[in-house]
Amino acid sequence: MKEKMKQIMDNFHKYNSEHMAAQAFGFRDDIEYDALVIAPSFSPYKLHMEDDYKVTTLREGAYIAGYLVETDTSKIAWVKIGSSAGNIIDHLAICAELSFKKVIFIGAVGALKAGFELGDICTPSYSISGSYADTYLMKDSIRGDMRFEKVYPDTEFIDEMIELGKGLGHEIKKGSVFCTPSIALEYSHLDEIRSFDADLIEMETSSFYLMTDLMEIPGIALLVVSDNSATGAALVGRSDEEQAKYDKGRNEDLPQLVMAVAQS
């Protein structure tokens, strides 16, 4: 990990105990996991992964949980958290001292332009930081401001994973993402948000990629399209056809891609 991440962890430990990932999620320090999955609201059970893999619940709290997903040849540490940039930063920091080869963020994403259907799997070409939490992470002073800065992933790794998905018959669409701090209030600011010319909208990927850069771990965000404000596909109140498309993306395509990336 980078020196800045080491400083973050040193300061974190001044006021907290050792082995935080074990206490919060039940993960072991002596295992090298093939991947760490971090997901707002998505558990392995929600994606029905227990039908194909061994899934063990390690620890469940009021709003966070830790799971182990295993095959004969791989082990995945799986973190379920609540939504928001602050949650992704905090809980990746808790897991930063674990040993894992790559990190995968999975979640839902809204579309801001036509061309994205419910159930499509997308990944950010870049993410626009819309949360003040990223300032706490990246600036030396909290009086600074990095709102609306663009955050880019490791494009070489992303392109490799897109090709991996293509080989398995899955399309992963690239799209620019606006990271909003509020779902309910984004609709009151849609015109202003659209002025950034982003394709998609969600809450965490700018923070996710800032953290993977500091941790120096390859990472990819895999996002399933849940609604499209440009075409009228609603987040709440989908038609049966729209729900079927979303369910296929979330319950079939997404788990297969997660396992493919983890085992690559």
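Which residues in helix 3 meet which residues in helix 7? Ala 85, Ile 88, Ile 89, Leu 92 and Ala 93 are the residues on the helix 3 side, and their counterparts in helix 7 are Ser 207, Phe 208, Met 211 and Met 215; contact here means heavy atoms within 4.5 Å.

The model is predicted, with local features requiring pLDDT of at least 70 and side-chain atom pairs counting only at pLDDT 80 or more, while totals for chains, interfaces and linings use all residues. Residues are numbered from 1 along each chain as its sequence is written, and side-chain values use heavy atoms, leaving out hydrogens and water.

Helix 3 spans residues 85-95 and helix 7 spans residues 205-215; they pack at an angle of about 20°, with their axes 9 Å apart. That angle makes helix 3 roughly parallel to helix 7, a term for angles under 35 degrees. Axes are lines fitted to C-alpha atoms, for helices over the stretch in contact, and angles run from 0 to 180 degrees between N-to-C directions. Helices (H or I, at least four residues) and strands (E, at least two) are DSSP runs, numbered from the N terminus.

Strand 8, residues 121-128, is mostly covered, with seven of its eight residues buried, that is, under 20% relative accessible area with a 1.4 Å probe and protein chains only. Two strands pair if DSSP finds at least two bridges between them. Strand 8 runs parallel to strand 10 (residues 172-179), and six bridges join them; Thr 123 stands opposite Lys 174 in strand 10. With strand 12 (residues 219-228), strand 8 pairs in the antiparallel sense over two bridges, and Cys 122 stands opposite Leu 223 there. Strand 9 (residues 150-151) is also joined to strand 8 by two bridges and runs antiparallel to it. Within strand 9, Val 151 is the bridge partner of Ser 127.

Pro 44 lies in the loop between strand 2 (35-40) and strand 3 (54-60). Pro 44 counts as buried because its relative accessibility is 0%. Leaving aside residues up to four places away in sequence, Pro 44 touches Met 49, Glu 50, Val 55, Tyr 67, Val 69 and Trp 78. From Pro 44 to Gly 144 the separation is 100 residues in sequence and 38 Å in space, C-alpha to C-alpha.

Terms used:
Angles under 35 degrees count as roughly parallel, over 145 as roughly antiparallel, 65 to 115 as roughly perpendicular and the rest as oblique. Buried means under 20% relative accessible area, exposed over 50%, partly exposed in between (1.4 Å probe, protein chains only).
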